[in-house]
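Open the model in your viewer and keep the selection tool ready.

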Amino acid sequence: MAYKAPVRDLTFVLNEVLEVERHSNQPGLSDVSSDLIGQILEEGAKFAEQVIAPLNRIGDQEGCKWDAGKVTGPTGWKDAYRQMVEAGWVGLSSEAEHGGQGMPAIVGMAFGQFTAAASPAFSMYPGLTHGCYEALNANGSEEQKALYCPKLATGEWGGTMNLTEPQCGTDLGLIRTKAVPNGDGSYSITGQKIWISSGEHDFTDNIVHLVLARIEGAPAGIKGISLFVVPKFFANEDGTVGERNAGAQCAGLEHKMGIHGNATCVMAYDGAKGWLVGQENKGMAAMFVMMNEARLGTGLQGLAIGTAAYQAAVEFARDRLQGRSLTGTKNPDGPADPIIVHPDVRRMLLEAKAFVEGGQAFILWTALQADLQKSEDEATATKARDYMGLITPVLKAYLTDKGFHVASLAMQVHGGSGYTEHFPASQYLRDARITMIYEGANGIQALDLVGRKLPANGGRAIMTWFGEIDAFVSENGSNEAIKPFVDGLADAKKKLQEATMWLMQNGMANPDNAGAASTDYLNVFGLTAMAYMWAQMAKAAQAKVDAGSDDPFYAGKLATGRYFVERILPDAGAHLAKLKTGADVLMSMPAEAF
């Protein structure tokens, strides 16, 4: 199966649904035309399909090799990464002053869907590097930015984030890695970090680690954590690689269920030299720049894996002959009909297609908010920041849940063949599973949504979003051609509003109610967001049909969207009903009864 980047789907969303050119008055978007977007995505698709995708299976089969602290990537990966750097793809969304292409986030996230689908494990190397770049660019000193940002922006050097330790994952207040001042502005960093993606490899001359640690005497918990930049090699003033930072070593690799091509490292810091990034004891705030970008990237990764898995399932369903159609033979010259004629196979394919295409729009809509945060108009910037805070946990959790679901559907379409390693379905399922766990497990995302993001600023973000949906429904309610989409969106928004009110009334009285409701609430939110995306896509596609277009692309969008409205969106009602049962059934059973 050969991955095919969905260029038409993404250019449709960017140019016809979101109408990116309408935002040409905003910083970073002024030079982004539909023609330029098309050119970038066409070339990016070629790179993803021709250079990265052929390496995906190799990475899964070979994995990475560790030997005395050094890690070697799978065959061909180092060369492909070098090609990516030389072609400027790693620096697509990095600032031009640091050697990047200066493209907005929305273009970078579109290209990112291609690379993550072509090989999710490979895409993590440039993805984490860009996150490290953004964190240092936002929080580093001028000296640090001058030293590291140009190399990170282009991908010439790699980047990581070091958070997790053996005794703590989500609760980072428990970290034990310590930082001792050396008296010359540097610190000695000592501790162990685990599950460090891209922590050691042979793709770049240097790797820049961002490490959370506690300065001696700092307050306990989150309030006492600081952030440090700890390079594998010290950087000379002219930007060249200097002496080895001997105290920073890779102690081994994790043996994992999937993403074998990415080096998931145990990093041992034994008096490694590092430098404070930002202020003492403000490390979590600084690291959240990278963590939030990683969460969006993880949502993208889950969706992208689902996209590739769906494509493989469609190809298999067209080719696999099994049984005859219930309504009569469709392949009279063959011994059986292709399984794509069977209603239940079509159910699985359409469910996958509806999630994939709705998710593509959801990611790009969110990426646009990331760009609008930089607006010089304070109202526009505030609204975009509010949306980013509110939507990030939803996008991460919902799209990774559904990306895994799509990969599972794809395996089911393959039947027994999918359970073997002769077909790609197994790898897609294994690779997708981690996305629901790392960068904050999905249950944590749900708790973050109901506990922090909803009540922030008095609930301003969700009230603004409700108002935007209401305005869309009011504006398009009389359009009979898209009435099912508008009505479905209005009903989903009503259910989400009801769920929000229930949380306000019951969550404060008993916090366990909020915890028990959180995952179902996030699902209602995700379904409402997808309904909004599909309503916007239906409006754009129907406008083309009304204008006389006979392009099957638009008819296909409308048909896929109708499946979402009729057969997926009703799940919002079930989630609302479960949400309202509260915590009693979950918390009444004593622990020893499990």
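Buried means under 20% relative accessible area, exposed over 50%, and partly exposed in between, with a 1.4 Å probe and protein chains only. This is a predicted model: local features need pLDDT of at least 70, side-chain atom pairs count only at pLDDT 80 or more, and totals for chains, interfaces and linings use all residues. Residues are numbered from 1 along each chain as its sequence is written, and side-chain values use heavy atoms, with hydrogens and water left out.

**Stop 1: cysteines**

Select C149. Its relative accessibility is 0%, so C149 is buried.

Move to C64. C64 is also buried, at 16%. Its closest cysteine sulfur is in C265, at 7.7 Å, again too far for a bond.

How many disulfides does the rule (a pair of cysteine sulfur atoms within 2.5 Å) give? The count is 0.

**Stop 2: α2 and α5**

Helices here are DSSP runs of H or I, at least four residues, numbered from the N terminus. Select residues 34–52 for α2 and 105–118 for α5. Their axes, lines fitted to C-alpha atoms over the stretch in contact, come within 9 Å and cross at roughly 15°. Angles run from 0 to 180 degrees between N-to-C directions. The two helices are therefore roughly parallel (under 35 degrees).

Show side chains for the contact (heavy atoms within 4.5 Å). On α2, pick I37, I40, L41, G44, A45, A48 and I52. Facing them on α5 are V107, A110, F111, F114, T115 and A118. Colour by class: 11 residues are nonpolar (Ala, Val, Leu, Ile, Met, Phe, Trp, Tyr, Cys and Pro), 2 are polar (the others, Gly among them) and none is charged (Asp, Glu, Lys and Arg).

How values were computed
Disulfide = S-S within 2.5 Å. Parallel < 35°, antiparallel > 145°, perpendicular 65-115°, else oblique.
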